[in-house]
Amino acid sequence: MKITVISDTHIPKKAKSLPSRVITELKQSDLLIHAGDWQTLDVYHECLQYGEVRGVFGNVDSEELQELLPEKIVVDKEGVRIGVVHGHGKRWTTERRAMEAFADDSVDCIIFGHSHIPVLKEINGILLFNPGSCTDKRRQPKPSFGIITVNNGLHAEHVFFEKE
């Protein structure tokens with residue numbers, strides 16, 4: 001199973017639509033996970049064109065998205081449990097807030113966003129993954145998103161690409 005992971009798309013503020021590099025992966029994926037800050041409901045509907053979408057709302061998302069999407073979810077695919085949360089809040093770091101959000105859940109991976117900083121590391125046997133942003137790289141060298149493969153285990157990687 002191939003999962004494309006995006007976050008912090010901030011459309012239409014930072015881009016008019018998803019980058020073609022992301023769309024290419026979405027067409028070859030079984031699932032899209034979005035870790036929040038879509039910004040508008042139009043982005044959600046655009047993502048649905050490519051298949052199954054699971055996601056959470058972020059701190060800049062519209063009221064419609066906040067009513068439609070949860071603050072956090074656990075996605076169970078092929079025996080792998082993936083927690084998804086945006087990671088915004090006031091206490092601690094974004095990474096720690098993401099970990100705390102699933103302190104009482106049994107998960108193999110935690111996907112989060114908010115910081116726009118790509119993260120891929122393991123803490124206490126849990127894979128922490130922030131895909132970065134495919135539209136608003138901020139201080140990062142390149143825009144990014146993620147690919148997670150579930151096939152007798154879990155493999156995650158970042159995809160860095162040139163801005164269009």
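Lys and Arg count as positive and Asp and Glu as negative, while His and the chain ends are not counted. The legends below describe a predicted model.

**Figure 1. Charged side chains of the chain.** The chain carries 20 positive and 24 negative side chains. The centres of these two sets are 7 Å apart.

**Figure 2. Overall dimensions of the chain.** The C-alpha trace spans about 40 × 35 × 30 Å along its principal axes. A compact globule of 164 residues would have a radius of gyration near 15 Å, and the chain, with 14 Å, agrees with this.

**Figure 3. Interior, contacts and surface.** Of the 164 residues in the chain, 52% are buried. When contacts between residues at least 6 apart in sequence are considered, 53% of them join residues at least 24 apart. The chain exposes about 8000 Å², and carbon and sulfur atoms supply 45% of that area.

**Figure 4. The aromatic pair of Trp38 and Tyr44.** The structure holds 2 aromatic pairs. One of them is formed by Trp38 and Tyr44, with 5.5 Å from centre to centre and 65 degrees between the planes. This pair is edge-to-face because its angle of 65 degrees is over the cut-off of 60. Trp38 has a relative accessibility of 0% and so counts as buried. Tyr44 has a relative accessible area of 14% and is also buried, because buried means under 20%.

Note on methods. Residues numbered from 1 in each chain as written. Predicted model: local features only at pLDDT ≥ 70, side-chain atom pairs only at ≥ 80, totals over all residues. Heavy atoms only, no water. Rg over C-alpha atoms; globule rule 2.2 N^0.38 Å. Buried < 20%, exposed > 50% of the residue type's maximum accessible area, 1.4 Å probe, protein only. Contact = heavy atoms within 4.5 Å. Areas by Shrake-Rupley, 256 points an atom, 1.4 Å probe, with all protein chains shown as cover. Charge placed at Lys NZ, Arg CZ, Asp CG, Glu CD. Phe/Tyr/Trp six-rings, centres within 6.5 Å; stacked < 30°, edge-to-face > 60°.
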